[in-house]
Amino acid sequence: MANSSYTGIDEYLFQKRTQLGLSQDGLVQALQQFSPLFNEIDVLTVSRWERGKVSPNIRRQVALMAFFGDEPHLLLTNPEFNLKQLPSLTAFQQMLDKQMNVNHVMGAHPYIPHEEQLFEKAGKQVDNLSQRLRWICHYHQNLTGQGADWSEAWLAQLVAHPSTEVLFYQHDDMLLGHAIYVRVSQVTLMALLSGDLKESQLEVAHLVTKQQAGCLFLLSSYVGGRFVAEDYLMWQIFTVLENPLNLALGYKAHSDFGIKLAEFLNSKKIAQGPQVAGHLQGAKYLGKRYGYVSFLLEREEVLSSPVILKMMRDTHTI
């Protein structure tokens, strides 16, 4: 991207159009062939965009940048790039307060002070990786009532793959949270989300490299406390965006917190597991509790989510 300091979509659109030698009418025709998002626009629309009279919605801004061959997140997450449709994060912060400050059932550690904000982050190069993977296997066995057929050896093979992303949160050598993402094809992702393929049936052969177009699947995660939750969410978003070949993120929500995140991130619900009876079990979705509810978050949704962009701009993550 030759110039990453555009003041807004008006300046960006005018400069990019003139660099290509396109008239406004020529741009309209090209955009209409590029994406159905532009079927209803005309020369007057483009003129108003370029003069800053109105701004295209964020989804259209993402599509415009893709049309010109740029990476949208490099502009949209820059606080100096003017975006008029960004919301307040008050509702999101209130959701975190409610979900993360209830009790130790979800996301709290009784041996760590509530006000503790210090934590370390580590990847799969951590010295005690074997012990941590063993803890994660125990976690899933406990989470599913001993129903998860996870072994340390199986998990270690998946983690060792070059495209697998791993994050550990720790404090005083205590594990506060973790996230493990594997990179798979779209077909494999949908099989995982629909339940046709169980997580324990994943093999190294299912994984694809970072150089191939693929999708991220959140194989395992635990968020320990609000201060970890905010960092974890930003890391999750960045993991999706850092590689343009990441087409989507899929995950199974096993808790109410996962359902709330899906609502804020505009994720698409794919399937749900069997209903569960306990009020502290599983995830509550549309008034019923399920062992899990699976969601799909496509790359375009990440790039065009006002909540995500607001968070990234406020924290200067990228």
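Where is leucine 286 found? In this predicted model, leucine 286 sits in the loop that runs between β7 (283-285) and β8 (288-290). Its backbone stands out a bit: leucine 286 has a positive phi of about 55 degrees, even though it is not a glycine.

Asparagine 246 is another story. This residue belongs to strand β5, which covers residues 246-253. Asparagine 246 has a relative accessibility of 3%, so it counts as buried, the cut-off for that being under 20%. Leaving aside residues up to four places away in sequence, asparagine 246 touches Arg183, Gly214, Leu216, Thr239, Val240 and Arg299. With one of these neighbours, Arg183, there is also a polar link: the side chains of asparagine 246 and arginine 183 are joined by a polar contact of 2.7 Å.

Then there is aspartate 42, which is found in the loop between α2 (24-34) and α3 (43-50). Aspartate 42 has a relative accessible area of 38%, and therefore falls in the partly exposed class, between the 20% and 50% cut-offs. A polar atom of the aspartate 42 side chain lies 2.9 Å from the backbone nitrogen of threonine 45. Looking back along the chain, glutamine 32 is ten residues away from aspartate 42, and the C-alpha atoms of the two are separated by 9.5 Å.

Note on methods:
Residues are numbered from 1 along each chain as its sequence is written. This is a predicted model: local features need pLDDT of at least 70, side-chain atom pairs count only at pLDDT 80 or more; totals for chains, interfaces and linings use all residues. Side-chain values use heavy atoms; hydrogens and water are left out. Helices (H or I, at least four residues) and strands (E, at least two) are DSSP runs, numbered from the N terminus. Buried means under 20% relative accessible area, exposed over 50%, partly exposed in between (1.4 Å probe, protein chains only). A polar contact is a pair of N or O atoms within 3.5 Å; within protein, one must be able to donate a hydrogen and the other to accept it, and residues adjacent in sequence count only if both atoms are side-chain atoms. Contact means heavy atoms within 4.5 Å.
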